[in-house]
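Reader: Could you walk me through this protein before I set anything up? I would like the cut-offs spelled out as we go.
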Amino acid sequence: MSDGQKRQRNLAANPQKAQTADPRTAPVKKFPDVQALLHAAVPALLYTALSNAVYSLLRSVQPKMSGILPQGIALAVCLAYFVWRAVQESVFYTAGQTKGIYRYPAAFCYTASVVLCGIACNYLIYFTGLKTVSQGYRHVSEIFYGNGLWLEICVLCVLGPAAEELVYRGFVLRRLRAETSDHVAVLLSALLFGFFHLNLVQGVYGFVLGLLLAVIVCKTGSIATAAAAHMASNLTSVLWTETELLKFLNQQGKGIAAAAVFCLLLTGIFAGYGNRMVSRDGKRKTGKAN
């Protein structure tokens, strides 16, 4: 029996699947209304409010507890709460689309693309002078950095990315994808991710990386790869800022723009290879199913 005959037999056995398989009869998802947008934004609002409340409470009870430690405790509380919510609502994505021989190479390519994109964003933000005009970012930098390398890695490179990926690519993106197309959901989730950083520099940085991370989740069906990529990007920033390990990334003058363009080019190459590997795994599964 040919592949075409097998498909026809399967569709005849499941007419409902035949309807949804035809793009002409599939329902068209429109731009979400205000109620749907608010519903999607609630987890982000709750995450921001809860983390700020815990942080402020700790600072009021223990005024000597300064720097990044209260922020780390606040992130741990938020992560515990949203993990509980995720279990209750079955929010966790599965990596079913990428299980196969190309799963880990694809994850590596996506992680490399996010790290390179983050480096390029740092170059462009510095080149445009946004860091000098963002007072909020300077305040955040004073809290985040200068607290000890291992504490910064724990908070900025583990707790923070894990909580943010669960909230923004788990809850927020999932709710948006239920209301609209993946393209619109990716854009809106990235806008929310950038906005809730509440300062210009991190907002721009968060929006750009939020786009890439949301695309990764849509491609792989899992927040695990996005979380690993987010952690790796933050680790690069911490090591670049606090150590001499990545001093070769420091550029001056026109070298900043050239390095940014080069990193963006590599971002596209690695992301493209990641997409190709995910596609190959999809074709292998389709072939086995037929």
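Author: Let me start with a definition: buried means under 20% relative accessible area, exposed means over 50%, and partly exposed lies in between, with a 1.4 Å probe and protein chains only. The model is predicted, so local features need pLDDT of at least 70 and side-chain atom pairs count only at pLDDT 80 or more, while totals for chains, interfaces and linings use all residues. Residues are numbered from 1 along each chain as its sequence is written, and side-chain values use heavy atoms, with hydrogens and water left out.

Reader: Is C109 buried or exposed?
Author: C109 is buried, at a relative accessible area of 6%.

Reader: And how many disulfides are there?
Author: Taking a disulfide as a pair of cysteine sulfur atoms within 2.5 Å, the count is 0. C121 takes part in no disulfide, and its nearest cysteine sulfur, which belongs to C117, is 4.3 Å away. C121 also counts as buried, with 8% relative accessibility.

Reader: Switching topic, what share of the 290 residues is buried?
Author: Buried residues make up 44% of them.

Reader: How many helices and strands does the protein have?
Author: With helices as DSSP runs of H or I of at least four residues and strands as runs of E of at least two, numbered from the N terminus, the protein has 12 helices and 0 strands.

Reader: Where does L69 lie, and is L69 buried or partly exposed?
Author: L69 lies in helix α4, which spans residues 69–89, and at 39% relative accessibility L69 is partly exposed.
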